[in-house]
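Subject: Structure handover

Hello,

Here is the structure I promised to pass on to you.

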Amino acid sequence: MEAFSWTSRELVLRGYVSGPEAGPPLILLHGFLDTATGFHAVMTKLDSIWRTYAPDHRGHGLSDAIGAGGYYHFPDYLLDLDGLYRHLGIDQAILVGHSMGASIACYFAGSFPERVRAMVLIDGIGPPKGILADKVPESTRRWISDVRRRESHNSKGAESLEALARSIGRLSSKASPERLLELARGASFKDEQGRYQWRFDPLHRTHAPIPFDPIRFRAYLERIACPVLALWAEQSPMHAPDEEARLAALGDVEVHTIPDSGHNIHHEHPEAVAEAIKSFLEARGLTSF
């Protein structure tokens, strides 16, 4: 496992790479408030065949946060992914995304269908639901209120890695204590006071300024031209009311569920996730260029 970096709009973005240089490129996109390190255990099961890349999204992990006066908008993640393609000098890649990372993959593959060979969507085909039109003004008020509150808030951090591990365990309840500690190490740093802080920009914890629109999202899904594996957790909180329509829009899609799993399947059962990805790609003949 090696570290690498690239720049996007003057932000330095970082990630990890593993596997043979001649292997087909496979990019793993982590979810909201997660880090690329959460995919390390999956990467080690795939990198005998594929050249695997796990980037930290802007404002997450070891990647730069946005500058003064900026905010995180979803199209920025697509711009960063385009920048990664350009940095690697590749025309196509296999995209694997968890939760928010799955949404990034869908938006990117819908915008550039010719650049995605296959996709694996781990517990997510977009957010479960959007905001009703008459509630959008209230949503805007909440966003501004959240940002102002965040400006005056300083995190006290946690006294120990074990405390952070317990926090991760709330959404990764099937993961072992050892696995949770491993995840906590990758997702945190120790500040000058000796307390543990999360590596994500606290601004992410504000309400989104632009509501999710399922109808517009489906337009992206309809343009996706590659085979897709929808990999669900057995106890998933991400099923949408219009899920059947979203799956139908994808066209060439397989659906598989990992037993005894919660939303962060790759935290809880990395071997099962890797095996599902491997089997899907091998069946589609996607083990070489």
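How much space lies in the second largest pocket? The answer is about 390 Å³. Please keep in mind as you read that this is a predicted model. The pocket has 19 lining residues, and those closest to its centre are Arg-150, His-153, Ser-155, Pro-202 and Leu-203. H4 gives the most, with four residues. By residue type, the lining of the second largest pocket holds nine nonpolar, six polar and four charged residues.

Next, the sheet. Eight strands make up an open sheet with mixed pairing, in the order E1-E2-E4-E3-E5-E6-E9-E10. Strand E1 (2-8) and strand E10 (253-258) are at the edges with a single partner strand each, so one side of each has no neighbour in the sheet. From one strand to the next, the twist averages 20°.

E4 and E3 run parallel, with three bridges between them; Pro-25 is bridged to Arg-51 in E4. How many residues of E3 are buried? Five of its five residues are, and the strand is mostly covered. In a regular strand, side chains alternate between the two faces of the sheet. In E3 both faces are covered, with Pro-25, Ile-27 and Leu-29 buried on one side and Leu-26 and Leu-28 buried on the other.

Further along, strand E5 (residues 93-98) and strand E6 (residues 116-122) are parallel and joined by six bridges. Among the pairs, Ala-93 has Val-116 in E6 as its bridge partner. Helix H3 (residues 100-111) packs on the sheet, where it touches E3, E5 and E6. The direction of H3 makes about 155° with that of E6. Helix H2 lies across E1, E2, E3, E4, E5 and E6, and runs at about 115° to E1.

The structure holds one cavity of 30 Å³ or more, and about 90 Å³ of space lies in the largest cavity. Its lining includes Trp-6, Leu-13, Leu-29, Pro-55 and Arg-58, as well as Tyr-77, Asp-80, Leu-81 and Leu-84. Helix H2 (residues 74-88) provides the largest share of that lining, four residues. The lining divides into eight nonpolar, one polar and three charged residues.

One is Arg-58, in the loop between E4 and H2 and part of the lining of the largest cavity. Is Arg-58 buried or exposed? Its relative accessibility is 6%, so Arg-58 counts as buried, the cut-off being under 20%. Leaving aside neighbours within four places in sequence, the contacts of Arg-58 include Ser-8, Leu-11, Leu-13, Asp-64, Asp-76, Asp-80 and His-204. The C-alpha atoms of Arg-58 and Phe-200 are separated by 8.8 Å, although the two residues are 142 residues apart along the chain.

The other is Ser-99, found in the loop between E5 and H3. Ser-99 has 12% relative accessibility and therefore also counts as buried. Not counting residues up to four places away in sequence, Ser-99 touches Gly-31, Ile-122, Asp-123, Met-238 and His-263. Ser-99 and Asn-264 are 165 residues apart in sequence, with 8.5 Å between them in space, C-alpha to C-alpha.

Happy browsing, and best wishes

Terms used. Residues numbered from 1 in each chain as written. Predicted model: local features only at pLDDT ≥ 70, side-chain atom pairs only at ≥ 80, totals over all residues. Heavy atoms only, no water. 1 Å grid on protein atoms, 1.4 Å probe; cavity = no way out; pocket = protein on both sides within 12 Å on 5 of 7 lines; lining within 4 Å. Points joined across faces, edges and corners; volume = space filled by probe spheres on them. Helix = DSSP H or I, 4+ residues; strand = E, 2+ residues; numbered from the N terminus. Nonpolar A, V, L, I, M, F, W, Y, C, P; charged D, E, K, R; others polar. Pairing = 2+ DSSP bridges. Axes fitted to C-alpha atoms, helices over the stretch in contact; angles between N-to-C directions. Contact = heavy atoms within 4.5 Å. Buried < 20%, exposed > 50% of the residue type's maximum accessible area, 1.4 Å probe, protein only.
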